[in-house]
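Please keep the sequence and the coordinates in view while reading.

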Amino acid sequence: MDITELFKELGLDSSALSSGTLQVRSPVDGASIAVLSEHTRNETIQIIGQAHEAFLAWRRVPAPRRGELVRLLGEELRTHKQALGRLVSIEAGKITAEGEGEVQEMIDICDFAVGLSRQLYGLTIASERPGHRMMETWHPLGVVGVISAFNFPVAVWSWNTALALVCGDAVVWKPSEKTPLTALACQALLRRAMERFGDAPQGLLGVLIGGREVGEALVDDARVALVSATGSTRMGREVGPRVAQRFGRCLLELGGNNAIIVTPSADLDMAARGILFGAVGTAGQRCTSTRRLIVHHSVADRLVEKLKKAYASARVGSPLEAGTLVGPLIDRAAFEAMQLALEQARAHGGAVFGGERQLQDAYPDAFYVSPALVEMPEQTEVVCQETFAPILYVMRYESFDDALTMQNGVPQGLSSAVFTTDLREAERFTSPEGSDCGIANVNIGTSGAEIGGAFGGEKETGGGRESGSDAWKAYMRRATNTINYSRELPLAQGIKFGDD
Ligand code: NAD
């Protein structure tokens, strides 16, 4: 399918894609695929205003009816899964299976949210006073500002938006300036769902095109009750304090530096598969990509051998071609950051396997690399940083205690895994003294989380949780109600006041 047809299927107006100053380039070949107008500060404020108006109406719609809109959005996504998945591949460089997989995640969260729309439960609490009842009610919160990163250009939006919509909120989305087309396509699909729904207020979803300045205007606006921001730790350090300054709510999903521990009892074939998928999938550009391998010295040589073989046969190429496992890096800056990290690793005594630029003749303006495996003498400074590229640092350990210390010895705390068949090691890993990450897996890799669980991480990953479990609570306002159905007005804690 050619790109004009793709735009048409996804409801993108071609004429709006060729004016303005924001160049959108495909990492597949570096070619420009659109030029967009960026929103000004005033336009941003206006879009937030429209979303706020929409919220005031939407919060009155019963939650199960709000769920119907999300069900219709899920239907649109099912119908256009291939087209949207392809646009993700073109704009973000993901291989076809990963592009479509990302859309499948959107469909899954829509299903989850539809069910949730009938389960926004509050507690009933025993009151200490006779003739009184206490309860919690959950109310719509307001406008949710979603800031998203280039590497999950549509799924992260849907994790937030499907929940926000059933919770009675409106959404203003600032996608990455590197992937605005997929965002416009999602907006068009939601619009189609809204037309079928009938009476949804306009302005329920605003999309802001632009970079940091537009993002800052969203972050600073007091009408935005929750800012859910996904991206680098650098971005979180800027956004978090700004939102706190105005006492807004903030949900941060930031960088990870995810490790897999492989113990002597592990099934090494299974471990190798899990490591390969985690480290080279999406060309190492997932927040949950495996970046560190902490392997027991007794099995290290065997495992590294297996991995080197698998690395050498992982096909690097256009993400649009069947058989490709490793697509391109997003841009030149990502390539340079990778090369710099490899240089630093060498300077720290690392032995580098792979990591070279590939396919330069075929794609001079794109950045393909062979994934790198780097054997490190210890966990040095460069290993403790998140480099958003396919670099796997391999370190050896002697005791399980040392492995856990190494696993937790980085500033980030997103995802982690252990491969072991020893029950004690598995249980210790998931215990309070085990992994300090938001995700701690046993015999499954660090990436590829399911939407049913709450997703997010600790420390410099930001502490936010979104997607499944009870993550919806961040998108609602909780009220505690005490109802007195007696003829007395007893005070709590037995306090006597006045004539009592
Ligand atoms: P980035 O931080 O460069 O940009 C992310 C988004 O933040 C973009 O939309 C950008 O325009 C916006 N932004 C940047 N500075 C801002 C500011 N001061 N105010 C408001 N908005 C601002 O990240 P990226 O390069 O697009 O994505 C890669 C990073 O995202 C990696 O660190 C990765 O680990 C992280 N990430 C985390 C998760 C997670 O769930 N934890 C998921 C995906 C990506």
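A crossing is called left-handed if the near helix is turned anticlockwise from the far one by less than a right angle, and right-handed if it is turned clockwise. The model is predicted, so that local features need pLDDT of at least 70 and side-chain atom pairs count only at pLDDT 80 or more, while totals for chains, interfaces and linings use all residues. Residues are numbered from 1 along each chain as its sequence is written, and side-chain values use heavy atoms, with hydrogens and water left out.

**Helix packing**

Helices (H or I, at least four residues) and strands (E, at least two) are DSSP runs numbered from the N terminus. Axes are lines fitted to C-alpha atoms, for helices over the stretch in contact, and angles run from 0 to 180 degrees between N-to-C directions. Angles under 35 degrees count as roughly parallel, over 145 as roughly antiparallel, 65 to 115 as roughly perpendicular and the rest as oblique.

| Helix pair | Axis angle | Axis distance |
|---|---|---|
| Helix 4 (residues 81-92) and helix 5 (residues 96-116) | roughly 125 degrees | within 8 Å |
| Helix 5 and helix 6 (residues 155-166) | about 15 degrees | 9 Å |
| Helix 8 (residues 212-220) and helix 9 (residues 233-245) | roughly 30 degrees | within 9 Å |

Helix 5 and helix 6 pack at an angle of about 15 degrees, which makes helix 5 roughly parallel to helix 6, and helix 5 passes helix 6 in a right-handed crossing. With contact meaning heavy atoms within 4.5 Å, the residues of helix 5 that meet helix 6 include Met106, Ile109, Phe112 and Leu116, and those of helix 6 include Trp157, Trp159 and Leu163. By class, this contact of helix 5 with helix 6 has 12 nonpolar, 1 polar and 2 charged residues, where Ala, Val, Leu, Ile, Met, Phe, Trp, Tyr, Cys and Pro count as nonpolar, Asp, Glu, Lys and Arg as charged, and the others, Gly among them, as polar.

Helix 4 and helix 5 are oblique to each other, and helix 4 passes helix 5 in a right-handed crossing. Among the residues in contact are Leu84, Gly85 and Val88 of helix 4 and Gly99, Val103 and Ile107 of helix 5. The contact of helix 4 with helix 5 comprises 5 nonpolar, 6 polar and 3 charged residues.

Helix 8 and helix 9 are roughly parallel, and their crossing is right-handed. The contact is made by Arg212, Glu216, Val219 and Asp220 of helix 8 and Arg234, Glu238, Val239, Arg242 and Val243 of helix 9, which divide into 3 nonpolar, no polar and 6 charged residues.

**Pocket and cavity**

On a 1 Å grid over the protein atoms alone, a cavity is a set of points where a 1.4 Å probe fits but cannot get out, a pocket is an open set with protein on both sides within 12 Å along at least five of seven lines, and lining residues have an atom within 4 Å of a point.

The second largest pocket holds about 550 Å³ of space, and of its 26 lining residues the closest to its centre are His39, Leu184, Gln187, Arg191 and Val207. Helix 7 gives the most to this lining of the second largest pocket, with 6 residues.

The structure holds 1 cavity of 30 Å³ or more. About 70 Å³ of space lies in the largest cavity, and of the 14 residues lining the largest cavity, Ala92, Gly93, Lys94, Thr282 and Gln285 are the closest to its centre.

Terms used. Grid points are joined across faces, edges and corners, and a volume is the space filled by probe spheres set on the points.
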